[in-house]
Amino acid sequence: MLSEKEIYARLNEVFRDVFDDDGITVNAKTVADDIEDWDSMMHITLIGAVEDEFGVRFKMGEVSTMKNVGEMANIIASRAK
Amino acid sequence: MVFADLFFLYFFLPLCLVCYFATKKLKYRNWVLIVFSLVFYAWGEPLWVLLLLFSAMVNWLIGLLIGQNNESVGAKIALAVALVYNIGALGVFKYSEFIVENINALAGTAFKAPGVTLPIGISFYTFQILSYVIDVYWGKVPAQKSFYKFLMYISLFPQLVAGPIVRYADIAAEIDNRRTKLTDLSEGFSRLIVGVAKKVIVANNLNTIVLSMFGEASDGYLGLKTVSTVGTWYGLAVIALWYYFDFSGYSDIAIGLGRIFGFHFNENFNYPYISKSITEFWQRWHISLGSFFRDYLLYVPIFGKRRKYGGLFLVWFCTGLWHGASWNFILWGLYYGLFIVIEMKIGKKRMKKMPAVLAHLYTLAVICIGYGIFYFEDMKAIGRFFKSLAGFGGNGFIDAVTKTSITNNLFLLLAAVILSTPVIGKIKELGKKSVGACAVLSTAQIVCNAAMLIISSLLLLNNTNNPFLYFRF
């Protein structure tokens, strides 16, 4: 079981890598509007990168409806080995 | 029935409002809306209103099934049935002729097209139904237990025939609990009048110009044979304004009517022509369609590692196809997909570095040329159009018809350009800062609304050119 701290630390790395911005620090409340380049297309890249990092798969409904990074982290916590 | 029509504005709507506000309980008000919505639809589609009712019943039952346990295998099967039924119905009624034509062309067969007429609004209400069923499956909203409430959502006449695609999740709460406040009434009626004026005073007259420049499908695009290069570009700009005023006018009417009945629909247009990129344009143009494809199609997990480009291709193919069963619409959709990919490759940061004037010019040029692909439905005409656009049409740089058209319509064109930007909104905002200006602006708005309603009514009475563009949607 991954700790919450570890999930956010690794998510941070993925976000910085995907958006090519080392200034990004995500938390549970981070939403797409907080990160300038996070649009629907970057969302696909991001989801793919997060899936690879944690070895999880998101369902289409989750990809489409997740409201913030907190929801993403919860799904990872419930699914990652 | 359509909105830009005297019978609707001066008989149907007042009668509906009297019945609606004469009843006090929300349950009866909902019933008033259902009855009037079904009459509204049956007026033009006496047969297809049965399809609407049947679809509502089928999907309501499916929603209930999924809602019981959306994690179950039964729910998956029910969702699959809903997708097959709804997309299948759209396929049969909207695309069967197109499919048969293409099969015949490819295989050299001579199958006869079934010759079904397109039920008006089917693309809009099918998408509304899909959004409901999928959202219930995803657990975003609970299933609607009451059939009559679901039927009201599907048939609600303000958005039934020309959008916007209102999602169930967005108005679920208002179906059960809504009130029309005085501000809803005043803002709703204002919005309704603005919409009618945009359609009747501006869009219809712009359409007349387009017809004089290019002709239309039924006359084989006669004007295209004589139009000059400047004329082609001018005609395209007028098409851009015409589509915006027609479509956003209809959305204004829908949103205004919704407000009068206590509903708050999301905006469908947000000054699309001030965009500085094609990506931004699609966030401002027909927002309810773009967000529908984004949420329900873009992330479809069937392309594996290529899901980004696979999803993009699917979205833009379907965006094109949704607008009509013809290759030019598909081409138009993919054309936009191409620019979205190019902009994605350039990157947002670099796109933003482009000088503003250049960014606007690039965006408007792409949009206008796109409208050419949209307007000319046969490939031969599209070929002629591109030739003419590039200066090889053989009709010179500028022709007399273009010169006369620009001079005769200068005021209308200038007004249309100004009104397609947020100038009026900005003036209103400034006016709010002082009490005196606020009073002047409110009075001006009342006078303008009255004038717009009178002029629109006179034009409708005069029975001038008043096309309904959404028969193919």
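Predicted model: local features only at pLDDT ≥ 70, side-chain atom pairs only at ≥ 80, totals over all residues.
Visitor: Which residue of chain A does B:Lys349 pair with?
Guide: B:Lys349 forms a salt bridge with A:Asp37, and the closest N and O atoms are 3.2 Å apart. B:Lys349 sits in helix 14 of chain B and A:Asp37 in the loop between helix 1 and helix 2 of chain A, so the pair joins two chains.

Visitor: Is A:Asp37 buried or exposed?
Guide: A:Asp37 counts as buried, at 13% relative accessibility. B:Lys349 is partly exposed, at 46%.

Visitor: What does B:Arg259 meet in a salt bridge?
Guide: Its partner is B:Asp184, at 2.8 Å from N to O. This pair links distant parts of the chain, with B:Arg259 in helix 9 and B:Asp184 in helix 8 of chain B, 75 residues apart. B:Arg259 is buried at 17% relative accessible area, and B:Asp184 is buried at 4%.

Visitor: And where do B:Asp252 and B:Arg191 lie?
Guide: B:Asp252 is in helix 9 of chain B and B:Arg191 in helix 8, so their pairing ties together parts that are 61 residues apart in sequence. The closest N and O atoms of that salt bridge are 2.7 Å apart. B:Asp252 is buried at 7% relative accessibility, while B:Arg191 is partly exposed at 24%.

Visitor: Which residues are linked with them in a network of salt bridges?
Guide: The network links B:Arg191 and B:Asp252 with B:Lys198 and B:Glu267.

Visitor: Switching to cavities. How many of 30 Å³ or more turn up?
Guide: The search of the whole structure finds two.

Visitor: Which residues line the largest cavity?
Guide: The lining is A:Ile44, A:Ile47, A:Val63, B:Tyr299 and B:Arg307. By class, that is four nonpolar, no polar and one charged.

Visitor: What about the lining of the second largest cavity?
Guide: That cavity holds about 30 Å³ of space. Its lining includes B:Leu51, B:Tyr85, B:Asn86 and B:Ile122. Helix 5 of chain B gives the largest share, four residues. The lining divides into six nonpolar, three polar and no charged residues.

Visitor: Last topic: which residues make the nonpolar surface patch?
Guide: B:Phe7, B:Phe11, B:Leu15, B:Trp31, B:Val35, B:Val39 and B:Trp43 make a patch of about 660 Å².

Visitor: Which helix gives the most to it?
Guide: Helix 2 of chain B, with four residues. B:Leu15 is in helix 1 of chain B and is partly exposed, with a relative accessible area of 38%.

Conventions. Residues numbered from 1 in each chain as written. Chains lettered and ligands numbered in written order. Heavy atoms only, no water. Patch = residues over 30% accessible without salt bridge, like charges linked within 9 Å, V, L, I, M, F, W, Y side chains within 5 Å. Areas by Shrake-Rupley, 256 points an atom, 1.4 Å probe, with all protein chains shown as cover. Salt bridge = Lys/Arg side-chain N within 4 Å of Asp/Glu carboxyl O. Buried < 20%, exposed > 50% of the residue type's maximum accessible area, 1.4 Å probe, protein only. 1 Å grid on protein atoms, 1.4 Å probe; cavity = no way out; pocket = protein on both sides within 12 Å on 5 of 7 lines; lining within 4 Å. Points joined across faces, edges and corners; volume = space filled by probe spheres on them. Nonpolar A, V, L, I, M, F, W, Y, C, P; charged D, E, K, R; others polar.
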